[in-house]
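Please consider the sequence and the three-dimensional structure shown below. The paragraphs that follow treat strand pairing and then the nonpolar cores.

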Amino acid sequence: MTFVVAPPGEARDRHDAYELVGSAEAAQYISAASLVDGQVGRVGLETEAHCIDLSDPQRRPSWSEIGAVIADIGPLPGRSRITLEPGGAVELSGPPADGPVAAIAAMSADRAVLHAAFAEAGLGLLLLGADPLRRPQRINPGDRYAAMEQFFAASGTAEAGDAMMTSTASIQVNLEAGPREGWAGRVRLAHALGPTMIAIAANSPLLSGRFTGWASTRQQVWGRLDSARCGPVLGASGVDPATDWARYALKAPVMLVRDPAAVPVVDWVPFTDWVDGRVLLGGRRPTTADLDYHLTTLFPPVRPRGWLEIRYLDAVPDALWPAVVFTLTTLLDDPDAAAVAAEAVAPVATAWDTAARLGLRDRHIYDAAVACVAAAAALAPPELAGAMNLLVDAVDRGRCPADVFADTAVQIGIGPATVALAQGDP
């Protein structure tokens with residue numbers, strides 16, 4: 001998603017790229033584009049869904065097969081852009097809307113059109129955080145993803161990297177950075193909410209045909225990748241998010257270099273070593289275009305892109321995701337709800353693995369989730385009452401979406417449960 005006013009790093013044209021002369025200049029460049037001073041309110045959504053064959057859910061539809069369906073879809077009513085992930089998951093990226101209700105309505109309309117088009121072709125769009133049946137397999141022929149495979153293999157994380165690229169799906173919430181004076185508290189809260197929101201939205205109890213023992217296997221997969229690229233972006237004090245992001249990005253190893261196609265960097269080379277000339281990748285120092293590209297290969301749970309890109313939620317069913325989106329947005333954008341949330345989640349603010357493994361079965365995370373969802377539900381508009389009531393009831397009972405899918409899979413089998421969910425059944 002791109003907000004209407006792009007941050008400096010997004011606005012620069014590649015033809016205006018220039019060579020960086022050292023890490024200090026690179027840090028300034030990153031900081032300047034990290035967050036944009038402004039008011040909160042606009043919301044952008046991105047949804048990912050695994051594409052399955054409804055008659056044979058263990059078959060992975062081909063790149064051309066999925067592309068043919070997309071090619072016949074005209075402009076979507078909510079103006080989302082359709083793209084494909086490396087394993088064939090279908091992503092909708094919506095434009096920013098004025099508030100969560102408008103963003104949810106636009107994304108729901110676009111999802112309905114997409115769902116109908118794929119159903120007509122005998123295909124389903126599965127809203128689960130991880131592919132429950134199929135082994136990881138890349139079908140996207142792009143050089144970027146082939147190079148990423150080589151990078152993960154060289155860094156000893158081939159299995160997790162393949163699963164991340166081809167077997168996980170999320171719903172991403174993009175929010176304005178807000179006024180500059182509030183950045184530190186807003187970024188800290190976005191991180192602190194992570195474990196509680198992961199537990200509320202946990203929806204990936206299976207991967208590649210087996211139960212993993214985790215409520216959010218998607219989060220488990222991401223946690224197995226290197227923390228320098230996928231860990232949280234928080235400094236020791238958390239008082240300057242722009243500097244924290246610059247420091248994080250410079251320490252992160254370079255994954256790919258365009259020359260002009262993507263070429264993997266199979267040795268561990270922090271960007272700061274490249275920009276300071278200790279290592280010359282491609283026989284040269286990096287340009288600002290290289291740095292922009294490097295930033296696209298960093299995947300922290302909260303990524304500054306001028307706005308806050310919140311990436312830690314599993315994909316959840318249509319009956320629930322509007323309530324999950326409204327809850328997260330409200331807890332960050334409404335001052336009173338944010339105050340309730342900050343106090344509620346403080347005891348579990350760093351319990352990422354516990355939340356992913358146990359979901360709402362952890363007593364402390366459960367208590368935080370009940371308080372957070374209640375605060376959001378009190379502010380929900382009538383059009384979201386149905387979804388919010390479902391979410392409040394589920395959280396009160398200590399049930400996340402993973403529990404529902406796991407129960408169904410045990411009762412009728414993984415394949416039938418997968419098809420049922422892809423067809424819109426609970």
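**Strand pairing and nonpolar cores**

Valine 43 stands opposite alanine 97 in β4. The model is a predicted one, in which local features need pLDDT of at least 70 and side-chain atom pairs count only at pLDDT 80 or more, while totals for chains, interfaces and linings use all residues. Residues are numbered from 1 along each chain as its sequence is written, and side-chain values use heavy atoms, with hydrogens and water left out.

Strand β1 spans residues 42–53, and eleven of its twelve residues are buried (under 20% relative accessible area, with a 1.4 Å probe and protein chains only). Strands here are DSSP runs of E with at least two residues, and helices are runs of H or I with at least four, numbered from the N terminus. Two strands pair if DSSP finds at least two bridges between them. β1 pairs in the antiparallel sense with β4 (residues 97–98) over two bridges. Five bridges join β1 to β6 (residues 171–175), also antiparallel, and there glycine 44 has asparagine 174 as its bridge partner. With β3 (residues 90–93), β1 forms four antiparallel bridges; threonine 47 is partnered by leucine 92.

The largest nonpolar core contains 80 residues, of which Phe118, Leu193 and Tyr312 touch the most other members. Such a core is a set of buried Ala, Val, Leu, Ile, Met, Phe, Trp, Tyr and Cys residues joined through side-chain atoms within 4.5 Å. Helix α14 (residues 321–333) supplies the largest share of this core, eight residues. Apart from this core lies another, of 22 residues, including Ile30 and Leu250.

How values were computed:
Buried means under 20% relative accessible area, exposed over 50%, partly exposed in between (1.4 Å probe, protein chains only).
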